[in-house]
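Subject: Structure handover

Hello,

Here is the structure I promised to pass on. Please open it first, then read the notes below it.

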Amino acid sequence: MSQEPDRLFAQPLPQVPDFAFNEDVVRVFPDMIKRSVPGYPTIVENLGVLAAQFAQPHSVLYDLGSSLGAVTQALRRHVRTEGCSVIAVDNSAAMVERCREYLNGQDSMFQELLPVQVVEGDILALQFQPASVVALNFTLQFIAPEERLALLGRIRQALLPGGALILSEKLRFDDLEEHALLTDLHVAFKRANGYSELEIAQKRSAIENVMKPDSLEEHRERLLAAGFSKVVPWFQCLNFASLIALP
Ligand SMILES: C[S@@+](CC[C@H](N)C(=O)[O-])C[C@H]1O[C@@H](n2cnc3c(N)ncnc32)[C@H](O)[C@@H]1O
Ligand SMILES: O=C(O)C(=O)C[C@]1(C(=O)O)C=C[C@@H](O)C=C1
């Protein structure tokens, strides 16, 4: 994957535009997400391990909001279940183009990987096939809040018995002290990863209109309302968490 360092917000911008998954972001995305999301490498690798426990023979594994395909690659490294295939979906043309290149690279290095299809499209308009694993890795927070329940309902309907949704998100907290503490610690994490105060501040204003985190309680209630039977948090690092939701 690209090693280009993320300096997108390093210079003062007269006006900070809303964050978009465009070509500039695509070029630096592996560096950006690793330095911005505490626990990201652990979540991605273990998503493959978890998926291998839920994958059902002859079913589809979805990677929704696949970006450069980090989750898809982890699914292909870990899942050995007969007849499974991966469908990666993203609505950013720049992401999809680069994702296909990376997956071709993975195909040329390893044999017997699950077949994969990368679709450029809106996950809100997707006709789901019966699926055993659905990964939403830091994608739901970019979906308009009023669309989230219906999307989760459609995913629940598509899930086969024995399957699972794995949902990773940035969290907000109703307890103001807890929210302030974990937000400060997240800023410290970014600083420790080499981001300046300016970069941190400009990135914050770029994402505040486009990325709307929910609390753990909101996630749990919405997943239950969408028809999931059980919600199990399996990872949290600072204000970032990942949940398993069972059909
Ligand atoms: C933070 S990134 C996801 C990171 C990725 N899952 C990973 O683990 O590396 C969010 C992605 O969701 C995509 N996205 C946002 N809204 C979408 C939608 N409605 N349909 C499809 N993709 C969407 C964005 O283009 C972006 O690539
Ligand atoms: O919360 C932040 O400050 C972030 O940078 C988070 C986040 C994310 O969770 O997706 C936002 C945009 C980029 O895709 C990388 C990381």
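Start with a helix contact. Thr72, Gln73, Arg76 and Arg77 in α3 meet Tyr102, Leu103, Gln106 and Asp107 in α4. By class, this contact between α3 and α4 has two nonpolar, three polar and three charged residues. Keep in mind that this is a predicted model.

How do the two helices lie? α4 covers residues 93-109, and α3 packs against it at an angle of about 20 degrees. Their axes are 10 Å apart. Angles under 35 degrees count as roughly parallel, so α3 is roughly parallel to α4. The crossing of α3 and α4 is right-handed.

α6 and α7 have axes that come within 10 Å. They cross at roughly 125 degrees. That angle makes α6 oblique to α7. Here, too, the crossing is described as right-handed. From α6, the contact takes Val187, Lys190 and Arg191. From α7, it takes Glu197, Ile200 and Lys203. Sorted by class, the α6 contact with α7 holds two nonpolar and four charged residues, and no polar ones.

Now the open spaces.

The largest pocket has a volume of about 1,100 Å³. It is lined by 50 residues. Closest to its centre are Phe21, Phe29, Ile33, Ser67 and Asn137. Several elements give two or more residues to this lining: α1 (23-36), α2 (40-54), α3 (70-78), β2 (85-90), α6 (176-192) and α7 (197-207). Which of them gives the most to the lining of the largest pocket? That is α1, with seven residues. The lining of the largest pocket divides into 25 nonpolar, 15 polar and ten charged residues.

The second largest pocket holds about 350 Å³ of space. Its lining has 15 residues. Lys170, Thr183, His186, Arg204 and Ile207 lie nearest the centre of this pocket. α6 and α7 each supply at least two residues of its lining. The largest share comes from α6, with five residues. In the lining of the second largest pocket there are six nonpolar, four polar and five charged residues.

How many cavities of 30 Å³ or more does a search of the whole structure find? It finds one. The volume of the largest cavity is about 60 Å³. Its lining includes Asp6, Arg7, Leu8 and Phe9. Ser36, Lys190 and Tyr195 also line the largest cavity. So do Glu199, Ile200 and Lys203. α7 gives the most to this lining, with three residues. By class, the cavity lining has four nonpolar residues, one polar and five charged.

A few residues link these notes. Lys190 of α6 is part of the contact with α7, and Lys190 is also listed in the lining of the largest cavity. Ile200 and Lys203 of α7 belong to that helix contact, and both line the largest cavity as well.

Best wishes

How values were computed. Residues are numbered from 1 along each chain as its sequence is written. Chains are lettered from A and ligands numbered from 1 in the order in which they are written. This is a predicted model: local features need pLDDT of at least 70, side-chain atom pairs count only at pLDDT 80 or more; totals for chains, interfaces and linings use all residues. Side-chain values use heavy atoms; hydrogens and water are left out. On a 1 Å grid over the protein atoms alone, a cavity is a set of points where a 1.4 Å probe fits but cannot get out, and a pocket is an open set with protein on both sides within 12 Å along at least five of seven lines; lining residues have an atom within 4 Å of a point. Grid points are joined across faces, edges and corners, and a volume is the space filled by probe spheres set on the points. Helices (H or I, at least four residues) and strands (E, at least two) are DSSP runs, numbered from the N terminus. Ala, Val, Leu, Ile, Met, Phe, Trp, Tyr, Cys and Pro count as nonpolar, Asp, Glu, Lys and Arg as charged, and the others, Gly among them, as polar. Axes are lines fitted to C-alpha atoms, for helices over the stretch in contact, and angles run from 0 to 180 degrees between N-to-C directions. Angles under 35 degrees count as roughly parallel, over 145 as roughly antiparallel, 65 to 115 as roughly perpendicular and the rest as oblique. A crossing is left-handed if the near helix is turned anticlockwise from the far one by less than a right angle, and right-handed if clockwise. Contact means heavy atoms within 4.5 Å.
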